[in-house]
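Please keep the structure in view while reading the points below.

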Amino acid sequence: MIETIYVEEAIQNHPRTKFILKKFKKSRIISIYKYGEIFNKKNQNFRIQKANPCLILAHKKDNFVLPAPEGFGIGSSKNFYFSHMYNCIYDCRYCFLQGMYSSANYVIFVNFEDFDIAIKKTIKKNINSKLTFFSGYDCDSLALESVTGFAKHILSIFRIYPQIEIEFRTKSIQKEPFLSMKPMQNVILAYSLMPELISNSLDNKAPSISKRIRVISELASKGWRIGLRFDPLIHSKNWKELYKELLEYVYNNISLNCLHSVSFGSLRFPKRMFKNIFKLYPNELLFTSPLSLNNKMISYDIEIEEEMTSYCKNLSLKYINEDQIFKCSI
Ligand code: SF4
C-alpha cells in the first residue's frame, strides 16, 4: 500500500498520471514542483524510507537513453540502457540502488513517449551496429508493470525494429504483457537467479526462486526468449552443491531452445556505494564475509570469483553452447 503519492505539477493532467493514480484510490496525493524536492535529498535514510516508501510521479527531462557501462552486454557491439523508474519494490540486500540513492521512494517518469524518441534516435545513429537495449537499470524492469504499463508501451517500438534487441531484467513473476502477445524474437526476458536457500535470506520481498523458474518455464514454452542471470554469484560454505542443484534444475525445467543467453557476475560494489550500504546494514553477514578492494571494486578475491564463474560455466556447458555464455564484469 502506497500511503502518499507526490505528483509534479507539470504532469498532473498527463493521461498516464491519471491512469496510475486510478490504481491508488486511497493514497494521499500531494502536488510538488520537482521530484528532487522529495527524492534523494541529503538528510534521508534509505533503510528507514524503505519501510514505507512514497511514490513520486515525475517528468523526465533528459538522459532518456544512456550507453551501458563497459562489461555489461550479451554479445552486441553497442549496448544502451533506459530507466522509466528509479528504485524498486523489492529489497535485495546486495542491491546497488541502496548505495546510490539516499531515498527509497519510487520515482516513475510518465513521459514514455520521450523514451520512444530517444530510442529511435539512438537506433538511427547506430544503424550499422548490432544493438542491445536494457530496460530498467535503475529499477526492476517489470516489478511494477501492472501499475506503469511501461514494458507493454516500449515493446511497440521494438516491434518496428526486429533486428534490435531489448532485455527486460527482472526478479518479478509478472507474465503480462508477454502471455497475451505473440512472442518477439528480439526480446529477452532475463531473470536473476541464485540458490533458493541464499535467495531466501537476501532477495527480500522478491518472488521465490521456484516461482521465478515456473514463470520462466511458462514464458519459454510460449516461445519467448529467456536470459538467465546468475548475478551476483554468492559464496557460501556449500556453494558448489547449491549452484549445481540450481543450474541443473533450471536447465532441466525450461525449453533450452528458447534460451537466449546465460550470464554470470560476481558480487561487487563500487567502493563509495559499498561504504553507504555497509552503513545501512553493518551486521549483515554478506558484508562481513571476506570482501576486499579489487580494481576499485569491493568484491570477493579474484580467485574466488574465477573459481565460482568457471564452475558454473562448466556445468552450463553440458546444456548450452559457449557462445551463449557471458560474464558480467561491472
Ligand atoms: S530486484 Fe534488482 S533493483 Fe530490485 S532490489 Fe533487487 S537487486 Fe535491486
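Helix 9 and helix 12 pass each other in a right-handed crossing. The model described here is predicted.

**The pairing of helix 9 and helix 12**

- Helix 9 covers residues 239–253 and helix 12 covers residues 302–316; their axes come within 10 Å and cross at roughly 30 degrees.
- On the side of helix 9, the residues that meet helix 12 are Trp239, Lys240, Tyr243, Lys244, Leu247, Glu248 and Tyr251.
- On the side of helix 12, the partners are Glu307, Met308, Tyr311, Cys312, Leu315 and Ser316.
- Sorted by class, this contact between helix 9 and helix 12 comprises eight nonpolar, one polar and four charged residues.

**Overall dimensions**

- The C-alpha trace of the protein spans about 55 × 45 × 35 Å along its principal axes.
- What radius of gyration would a compact globule with 330 residues have? The value would be near 20 Å, and the protein, with 20 Å, agrees with this.

- Eight strands form an open sheet in the order 4-5-9-10-11-13-14-18, and their pairing is mixed.
- Strand 4 (66–67) and strand 18 (325–328) stand at the edges of this sheet; each has a single partner strand, so one side of each is left without a neighbour in the sheet.
- Strand 18 pairs with strand 14 (residues 259–266) in the parallel sense, over four bridges.
- Within this pairing, Val262 has Ile325 in strand 18 as its bridge partner.
- Helix 8 (residues 209–221) packs on the sheet, where it touches strand 11 and strand 13; the direction of helix 8 makes about 165 degrees with that of strand 11.
- Helix 6 (residues 150–160) lies across strand 5 (78–82), strand 9 (131–135), strand 10 and strand 11, and runs at about 165 degrees to strand 10.

- Three bridges link strand 15 to strand 17 (residues 297–299) in the antiparallel sense.
- Which residue in strand 17 is the bridge partner of Arg268? The partner is Ser299.

**The parallel pair of strand 1 and strand 2**

- Strand 1 (residues 4–8) pairs with strand 2 (residues 28–32) in the parallel sense, over five bridges.
- From strand 1 the chain passes through helix 1 (residues 15–21) to strand 2, and this β-α-β crossover is right-handed.
- Val7 stands opposite Ser31 in strand 2.

**Particular backbone features**

- The peptide bond that joins Glu176 and Pro177 is cis, with omega about 15 degrees.
- Where does Pro177 lie? Pro177 is in the loop between strand 10 (165–170) and strand 11 (187–192).
- A cis peptide bond also runs from Asp231 to Pro232, with omega near 10 degrees.
- Pro232 is placed in strand 13 (residues 225–233).
- Asn295 is not a glycine, yet it has a positive phi of about 45 degrees.
- Asn295 belongs to the loop between strand 16 and strand 17.

Note on methods
Residues numbered from 1 in each chain as written. Predicted model: local features only at pLDDT ≥ 70, side-chain atom pairs only at ≥ 80, totals over all residues. Heavy atoms only, no water. Axes fitted to C-alpha atoms, helices over the stretch in contact; angles between N-to-C directions. Helix = DSSP H or I, 4+ residues; strand = E, 2+ residues; numbered from the N terminus. Left-handed = near helix turned anticlockwise from the far one by under 90°. Contact = heavy atoms within 4.5 Å. Nonpolar A, V, L, I, M, F, W, Y, C, P; charged D, E, K, R; others polar. Pairing = 2+ DSSP bridges. Right-handed = clockwise from strand over helix to strand, strands pointing away. Rg over C-alpha atoms; globule rule 2.2 N^0.38 Å.
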